[in-house]
Amino acid sequence: MLTFLCAIVLLIAGYFLYGRLVERVFRPDDRPTPAAAHPDGVDYVPMKTWRVFLVQLLNIAGTGPIFGALMGAVFGPVVFLWIVFGSILGGAVHDYMSGMISLRMDGASVSEIVGRYLGPVARQAMRIFSLILLVLLGAVFTTSPAALIARLTPAWMSVGFWIVVILIYYVLATLLPIDKIIGKLYPIFGGVLLLMALGIMVGLLAGGYRLPELTLANLHPDGRPVWPFMFITVACGAISGFHGTQSPMMARCLRTEKDGRRVFYGAMISESVIALVWAAAGVAFYGATGGLQAALAQLGQSGVVYEISVTLLGVFGGALAVIGVVVCPVSSGDTAFRSARLIIADWFHIDQSDFKKRLAVTIPLLAAGALLTQVDFNVVWRYFSWSNQTLAMITLWAAAMYLVRHGEKRWHSLLCALPATFMSGVSCTYILMAEEGLRLSAGVAYPVGGAFALACAALYAVKAAGRSENRI
């Protein structure tokens, strides 16, 4: 109990203390935002701050902080440390910087941000990489809700049937102006996601469940090493490159730069609170990491969420579970495809105020996502998780170079460079060791991953030394 409560307090303190530091380093001002400068009625649409916050939360969250936290909790309470400090020092910084730099670049997508600050080769690589990530996520967040709906509906409504229904919805949400579906419904569902986490937390406390206390020991039943697997598995609950594709979408809707900390940094902290609740719930409900792992293997992620919710909260919990593991992933899936559309539009300079041009970009993206739904969920999730964290690494390096150019003091860029170095080590080590990677031993992967991280840091130092401290 003490560990859990301390973790919540640290996250809240991180928002007010470290988040304010990051804000002061960036220096938001009163210049017109893209939504105010040239609203187009489709993607550049001014919205109220509270609405943008809840849309951002739902966009970046989905079932990421639920599924990822449950799978990360199999390693034991050490996952709490990563969720808390990964979010405060890495994930929230990443989300804030990607959103705010996008504001300064007229709502540019993350690939254009990377290109501006890491060069044209990085821009091209990031365009391709981020598109692959978004289509992977769209596929993940199609199959998982479809599987649960099929379980709750008549037999003739199979998983395939619901995949088709969800994909049709994705077409509409990707094409229509952002304030028509996303801007109106998502704040409601964002509130439901928070309510669901609060309900689970109250249910655990009222039910007398023993919340795990902090231990640095690796409690994974199979002995899978914490480094780097836990840092990849948790994904969205601590830091997520996917968020960097979503923040620019909301940057096109903000009315003032000074709302950036509440929207971008605040939404990530809120997501991490949700992840903490579910990580604690997974271990407490099943009694141990072995019980949680067995439940995940037998029921799947959606089934575990449903069982915990119904047991702790009854019929009300069941309703929240359905919303949480159906609506929430769908809401991230459609914005993934929408972000992919915007990346392609920025890449090829396609006017998105023209409906036919939006349709021409959207259909191939949804077709690719449909093909990926036929691949096993766990396989897609592993590739998504690694791609996700690698994207976060690249975005943080771009943000570090932004601060080298525009920060008042050289050390300011370390706010991004340090987590970028850490994530460089995580991403490289994982792909060397993972089943979907090179399957090398820890004796090889650890030193190579460490060397890669140091090489990235050294390259950054050289580049930073050659940049003048220009003002915006």
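**Reading a predicted model**

Q: Where is L403 found?
A: L403 is found in helix α16. The model is a predicted one.

Q: Why is L403 called buried?
A: The relative accessible area of L403 is 2%. Buried means under 20%, so L403 counts as buried.

Q: How far apart are L403 and R116 in sequence and in space?
A: L403 and R116 are separated by 287 residues in sequence and by 13 Å in space, C-alpha to C-alpha.

Q: Which helix holds Y383, and what makes this residue partly exposed?
A: Y383 is also part of helix α16. Its relative accessible area is 34%. Partly exposed covers the values between the 20% of buried and the 50% of exposed, so Y383 falls in that class.

Q: What makes the contact of D29 and R104 a salt bridge?
A: The N to O distance between the two side chains is 3.7 Å. The cut-off is a nitrogen of Lys or Arg within 4 Å of a carboxyl oxygen of Asp or Glu, so the contact of D29 and R104 qualifies. Side chains of opposite charge can pair when their charged atoms come close.

Q: Why does the pair D29 and R104 tie together separate parts of the chain?
A: D29 sits in the loop between α2 (18-26) and α3 (34-37), while R104 belongs to helix α6 (residues 78-104), so the pair joins parts that are 75 residues apart in sequence.

Q: Are D29 and R104 buried or partly exposed?
A: D29 has a relative accessible area of 25%, so D29 is partly exposed. R104 has 17%, which is under the 20% limit, so R104 counts as buried.

Q: How do you know that E257 and R31 form a salt bridge?
A: Their side chains meet at 3.7 Å, N to O, and the limit is 4 Å. E257 lies in the loop between α12 and α13 (260-286), and R31 in the loop between α2 and α3, 226 residues apart. E257 is buried, with a relative accessible area of 2%, whereas R31 is partly exposed at 31%.

Q: Which residues are linked in a network of salt bridges?
A: D29, R31, R104 and E257 are linked in this way.

Q: What makes R123 and E112 a salt bridge?
A: The N to O distance is 3.4 Å, and the rule asks for 4 Å or less. R123 is in helix α8 (residues 120-152) and E112 in helix α7 (residues 110-118), eleven residues apart. R123 is partly exposed at 21%, and E112 is buried at 12%.

Q: How many salt bridges does a search of the whole structure find?
A: The search finds 13.

Q: Why is L418 called exposed?
A: L418 has a relative accessible area of 57%, and exposed means over 50%. L418 is found in helix α17 (residues 414-433).

Q: Which residues form a nonpolar patch with L418 on the surface?
A: The patch consists of L21, W411, L414 and L418, with about 370 Å² of accessible area together.

Q: How many cavities of 30 Å³ or more does the structure hold?
A: The structure holds one. The volume of the largest cavity is about 60 Å³. The residues lining the largest cavity include S109, G244, M249, R252 and I343. α12 (241-251) and α14 (289-348) are the elements that give two or more residues to this lining, and α12 gives the most, with four.

Q: How does the lining of the largest cavity divide by class?
A: Five of its residues are nonpolar, four are polar and one is charged.

Q: What space lies in the second largest pocket, and how much?
A: The volume of the second largest pocket is about 400 Å³. Its lining has 17 residues, and L118, A122, W397, C456 and L459 lie nearest its centre. At least two residues each come from α7, α8, α16 (377-406) and α18 (442-465). α18 gives the most, with six. By class, the lining of the second largest pocket holds 15 nonpolar, no polar and two charged residues.

Note on methods
Residues numbered from 1 in each chain as written. Predicted model: local features only at pLDDT ≥ 70, side-chain atom pairs only at ≥ 80, totals over all residues. Heavy atoms only, no water. 1 Å grid on protein atoms, 1.4 Å probe; cavity = no way out; pocket = protein on both sides within 12 Å on 5 of 7 lines; lining within 4 Å. Points joined across faces, edges and corners; volume = space filled by probe spheres on them. Nonpolar A, V, L, I, M, F, W, Y, C, P; charged D, E, K, R; others polar. Buried < 20%, exposed > 50% of the residue type's maximum accessible area, 1.4 Å probe, protein only. Patch = residues over 30% accessible without salt bridge, like charges linked within 9 Å, V, L, I, M, F, W, Y side chains within 5 Å. Areas by Shrake-Rupley, 256 points an atom, 1.4 Å probe, with all protein chains shown as cover.
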